Amino acid sequence: MSRITNLLIDTSLMGVSAENRVLTVKGKPGSEFIVIVVEDGTLKYYNFETDLFELGHTSKNNLKVKMSNSSLYRHTINFPSGGGTYVIKLITEEGTFVSKNKKVISRKIEKQSSTSTLTLKPASVNTANYSTFPTVASTGSTNEGANLSSSFLVNNASTDAGGFGLKINTANFAKFNSDPKYGFEGSILKGVFENLWYVQSTKAITVNVNGDGVDSNAVTAANADGISVGMELLYHKASTTPVNQAGSALTNVYVQSIEQGLGEVVIRFSQLVAFENTETMTLRAYGTKSIYLNTGVNFSTDSDCYITAPILTKTVRADSDGDYTPSTTITLTDTHGISGGNTISYIGVGVDNSSGNLVTYADGNGATADCPDLTSSGALDNDGAIVVQLAQTLRKGTVLSFKEIYNQFTMKFSATIDKHPESNTDILFDLDKIITVGVSGS
């Protein structure tokens, strides 16, 4: 008795463009079978003479094979451009079987109906402190890779509510230099840089296994789509960062396991959180490995990331105290990018830095934020002022340079993807890992 042991073909999702797949049949010499390929939901069958899918079924749509001395048979199937679902069936002839007297083996392949777009962009929870984020994107099929390079210009929001500057945290930098005359330049090593990118997903909680709002490390959900082990819990409901039942804030809460249950999944976390029934969690997957697990895309950066920021300078708007007498209030033509809170210093002709002289207030308590209104051609209120620790006697027109605070910076990098995702996907760079936003000080 002749026997077919396997029908092999790559059943991964095909891209939009035309593609071929190799069909391999394993069996005993002398085995006989027929192969039929059909586009599911249509009457289109594969013509093995023209290598085209055509309406109707004739003898040309049946590939009849008798295996000779070899135990392998191969044939290439050409799939057209566009989407669809294709079914490949192997039917054994009389005297040939599969296993346990079965006579049919079937395989199904999906084909992408349209291209998808992968977008790289910076992101922050402090959206009010940034202007519109730059992006770089690539559109293609799942079988197409791409190289993406960019020079992201990231700007501090030019608003009186959020224009208090951006401080660069250097903990993740391999090397850097912050110069009061020329600004900032530094680099983040490739391996570190890759781990600052993430994909974000939301997942609706069905129930907290310990009870609604009770401390628990496990919840149930309808499915595991978009989540994976190792993801970090950003919000346990809406935009609320994780807390326990006592209200204490929790950090570094990760998905430890995902278990398939009866019609649901059980998601277990590394800490006890006051999860609430039917609320929506937000989770992040950091680093290239986790990004692959969640998107199927191998994302990698090609080299280190280089970051530069120009020095922040401002011009004194009027003589100190209006009559060139000492004052802790300094009027400026604009205050965009200056932070209060006694964290930044400044230099300039005539500046007295003989003792502590940080910027205390950038708005409120005698200070007034005044950033260019970009919705009105950069208009100003012409009332900008800051309050500093040490009284100054400065002339109108004096240029002040502020240290280690910036209103813009540039990220230069390049990245590679091995394919495009099945649907539109954003891969995000976490600005909050390298930037602390400035404050008014009030």
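**Rings, charges and strands**

Author: Let's begin with a charge over a ring. The charged end of Lys433 lies over the ring of Tyr286, 4.9 Å from its centre. Keep in mind that this is a predicted model.

Reader: Which other charged end sits over a ring, and how far from the centre?

Author: Arg395 has its charged end over the ring of Tyr324, at 3.6 Å from the ring centre.

Reader: What does Arg395 meet in a salt bridge?

Author: Asp319. The side chains come to 3.1 Å, N to O. That pair links distant parts of the chain, 76 residues apart. Arg395 is in the loop between β30 (385-392) and β31 (399-402), and Asp319 is in the loop between β26 (312-315) and β27 (327-331).

Reader: How many salt bridges does the structure hold?

Author: Nine. One of them joins Arg284 and Asp430, with the closest N and O atoms 3.5 Å apart. This pair also links distant parts of the chain: Arg284 is in strand β23, Asp430 is in strand β33 (residues 425-430), and 146 residues separate them. Both residues are buried.

Reader: Which residues are linked in a network of salt bridges?

Author: Asp10, Glu19 and Arg21.

Reader: Switching to aromatics. How many pairs are there?

Author: A search of the whole structure finds 20. Among them, Phe176 and Phe184 have ring centres 6.2 Å apart and planes at 15°, so the pair is stacked. Phe176 is partly exposed at 45% relative accessibility, whereas Phe184 is buried at 4%.

Reader: Back to Tyr286. How does its ring pair with Tyr198?

Author: The pair is tilted, because the planes are at 45°; the centres are 5.1 Å apart. Tyr198 is in strand β17 (residues 197-204) and Tyr286 in strand β23 (residues 280-286), 88 residues apart.

Reader: Why do they both count as buried?

Author: The cut-off is under 20% relative accessible area. Tyr198 is at 1%. Tyr286 is at 19%.

Reader: Which ring pairs make a cluster?

Author: Ring pairs link Phe152, Phe193, Trp197, Phe299, Phe413 and Phe429 into one.

Reader: On to strands. What does β2 pair with?

Author: Strand β1 (residues 2-8) runs antiparallel to strand β2 (residues 19-27), and four bridges join them. Leu7 stands opposite Val25 there. Eight bridges join β2 to strand β7 (residues 72-79), also antiparallel. In that pairing, Lys26 stands opposite Leu72.

Reader: What order do the four strands of the open sheet take?

Author: β18-β19-β22-β21, with antiparallel pairing. The edge strands are β18 (207-208) and β21 (255-260), and each pairs on one side only.

Reader: How many bridges hold β21 to β22?

Author: Five, and strand β22 covers residues 265-274. Across that pairing, Val255 has Phe269 as its bridge partner in β22.

Methods. Residues numbered from 1 in each chain as written. Predicted model: local features only at pLDDT ≥ 70, side-chain atom pairs only at ≥ 80, totals over all residues. Heavy atoms only, no water. Phe/Tyr/Trp six-rings, centres within 6.5 Å; stacked < 30°, edge-to-face > 60°. Buried < 20%, exposed > 50% of the residue type's maximum accessible area, 1.4 Å probe, protein only. Helix = DSSP H or I, 4+ residues; strand = E, 2+ residues; numbered from the N terminus. Lys NZ or Arg CZ within 6 Å of the ring centre and 35° of its normal. Pairing = 2+ DSSP bridges. Salt bridge = Lys/Arg side-chain N within 4 Å of Asp/Glu carboxyl O.
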